[in-house]
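Hi,

Here is the structure I promised to pass on. Have a look at it first, and then read on for what turned up when I went through it.

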Amino acid sequence: MHYVSTRGAAAALEFDDVLLAGLASDGGLYVPAEWPRLSADAFRALDGLPYAEAAVRVMTPFVGGRIPPRSFHDMVAETYARFDSPEVAPLRRVDDDLWMLELFQGPTLAFKDYALQLVGRLFDHVLEVHGERVTVVGATSGDTGSAAIEACRDRDRIEIFMLHPKGRVSEVQRRQMTTVASANVHNIEIEGTFDDCQDLVKAMFNDTAFRRDVRITAVNSINWARVMAQIVYYVYAALRVGGPDRPVSFAVPTGNFGNVFAGYAAARMGLPIGRLAIGSNRNDILTRYFNSGRMEMREVVPTLSPSMDIQVSSNFERLVFELYGRDGAAVAEAMTAMRATGVLDMGDARWRAARELFVAHRLDDDETKSVMRGHYEETGQLIDPHTAVGLAAARAIRDQGDVPVVALATAHPAKFPDAVEAATGIRPALPAHLSDLLERQERVTSLANDLAAVEGYVRGHTMLDGAA
């Protein structure tokens, strides 16, 4: 299995090199050179397997033999053995043909754990084989940061620097990052938005000398290994509600497009998917594109669902690559133009092609609270605001006959206690292993939205040979 860049100018790499590279040298994102396909019988053979066993079979084609099968099997088994539910990803019926996939069973209570707790183990293995150390640099709108830190903490071959927008993540999200005392963990709060943090990370990757000196890699969803691991729960859920013998639709609260792109990847592998419904908050650049054919960047506004407070959806470039017929040069031109003008218009034919699978739905904060309150009154179950957005998107597409719809519950309600309490009057408690989180000491550095300042901080605190 080889991987190519969405911008066409970087060399093709194999899985282990893509894992360490993160972003391609031409600024693009890596995707498989060819999508592996599973037959209907191969999907049926996964039905009834434990989550970890199914995960190994789904991901093995993407690894391409670069990790010994027994080592990979053990890493996957160790990853999901730490999750709270023996099912790993429990599927709960909400209504006739409407289901909720609970993706908050990992150590940091968010869907990011399903990929990042495995990615940490993959890094350890590959770095040991290569005899290398790396500096992980990432940006987070809330959940990636804590999951990445949990995955990378105390690992001898990794220094991790995580950027988050100051005052724009929940207190629980922030403290899950800033209270980790491990010496190899460095938290940076940036005066700006998540998009500013993400732009700083991309600029560091594009600074050739800096990238070489501190040997940076990424754990954001720009890293293909993140998407690979997220494909699994789409397959796992679909098989439990009738796939592959009938299509299954999914509704996904979406900001950076990585989670829902994993659903697209599952479809490219041959899983019959009806629709992929994108749920947006007021930062609705994706909904506006899928409803109008025009992608236009606007100012980011704070909402009750901060992990989706994004106007530059990095992983959307992977879909753009497919819509342009895998023409990397055309993608590079289109993405450069979008950065210059704030607008991406791929034309009517490409928009209609995207609409064959994707639909989108938008909620403001009042509507989000209404969904949270209504779900609690109907079921007695608390949901976080991101999950509420996804649930509303799921209900919006339930006009497709008997096609089951699975809404992705992406975070534990206790990660957003203020929003949940405002909607329902109930303040959710943190699980026992985080019960003292609000009392733990924080370690965080505040920096301006300035590339030189951030690079200087990383250089001054990384322990890699060759760094200043």
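Let me start with a salt bridge: the side chains of Asp95 and Arg398 meet with N to O at 3.7 Å. Keep in mind that this is a predicted model. The two partners come from distant parts of the chain, 303 residues apart, with Asp95 in strand β4 and Arg398 in the loop between α17 (385-396) and β15 (405-409). Asp95 is partly exposed, at a relative accessible area of 33%, and Arg398 is partly exposed too, with a value of 33%.

Arg440 and Asp436 bring their side chains together at 2.7 Å, N to O. Of this pair, Arg440 has a relative accessible area of 28% and is partly exposed, while Asp436 is partly exposed at 34%. Arg294 bridges to Glu296, where the closest N and O atoms are 3.6 Å apart. Here Arg294 is partly exposed at 39%, and Glu296 counts as partly exposed at 28%. There is also a network of salt bridges that links Arg82, Glu150, Arg153 and Asp154.

Six strands make an open sheet with mixed pairing, in the order β4-β5-β15-β10-β11-β14. β4 (91-95) and β14 (358-362) are the edge strands; each has a single partner, so one side of each has no neighbour in the sheet. From one strand to the next, the twist averages 25°. Within this sheet, β10 (residues 248-253) and β11 (residues 273-280) run parallel and are joined by five bridges, with Val248 opposite Ile273 in β11.

Eight of its eight residues are buried, so β7 is largely enclosed by the rest of the structure. Both faces are covered: one side carries Ile158, Ile160, Met162 and His164, the other Glu159, Phe161, Leu163 and Pro165, and all are buried. β7 pairs in parallel with β6 (residues 134-139) over six bridges, and Val137 stands opposite Phe161 there. It also pairs in parallel with β8 (residues 185-190), again over six bridges, where Met162 faces Asn187.

Three strands form an open antiparallel sheet in the order β2-β1-β3. The edges are β2 (13-14) and β3 (30-32), each with a single partner strand, so one side of each is left without a neighbour in the sheet. β1 (residues 2-5) pairs with β2 over two bridges, and Tyr3 has Leu13 as its bridge partner in β2.

Finally, the packing. The largest nonpolar core has 113 residues, and the members that touch the most others are Tyr51, Phe250, Phe257, Phe290, Phe316, Phe358 and Val406. Helix α10 (residues 224-240) gives the most to this core, with 14 residues. Leaving out residues up to four places away in sequence, the contacts of Phe290 include Phe257, Phe316, Trp351, Arg355 and Phe358. A second, separate core of 24 residues includes Phe161, Phe194, Ile216 and Val458.

Cheers

Methods. Residues are numbered from 1 along each chain as its sequence is written. This is a predicted model: local features need pLDDT of at least 70, side-chain atom pairs count only at pLDDT 80 or more; totals for chains, interfaces and linings use all residues. Side-chain values use heavy atoms; hydrogens and water are left out. A nonpolar core is a set of buried Ala, Val, Leu, Ile, Met, Phe, Trp, Tyr and Cys residues joined through side-chain atoms within 4.5 Å. Buried means under 20% relative accessible area, exposed over 50%, partly exposed in between (1.4 Å probe, protein chains only). Helices (H or I, at least four residues) and strands (E, at least two) are DSSP runs, numbered from the N terminus. Contact means heavy atoms within 4.5 Å. Two strands pair if DSSP finds at least two bridges between them. Axes are lines fitted to C-alpha atoms, for helices over the stretch in contact, and angles run from 0 to 180 degrees between N-to-C directions. A salt bridge is a side-chain nitrogen of Lys or Arg within 4 Å of a carboxyl oxygen of Asp or Glu.
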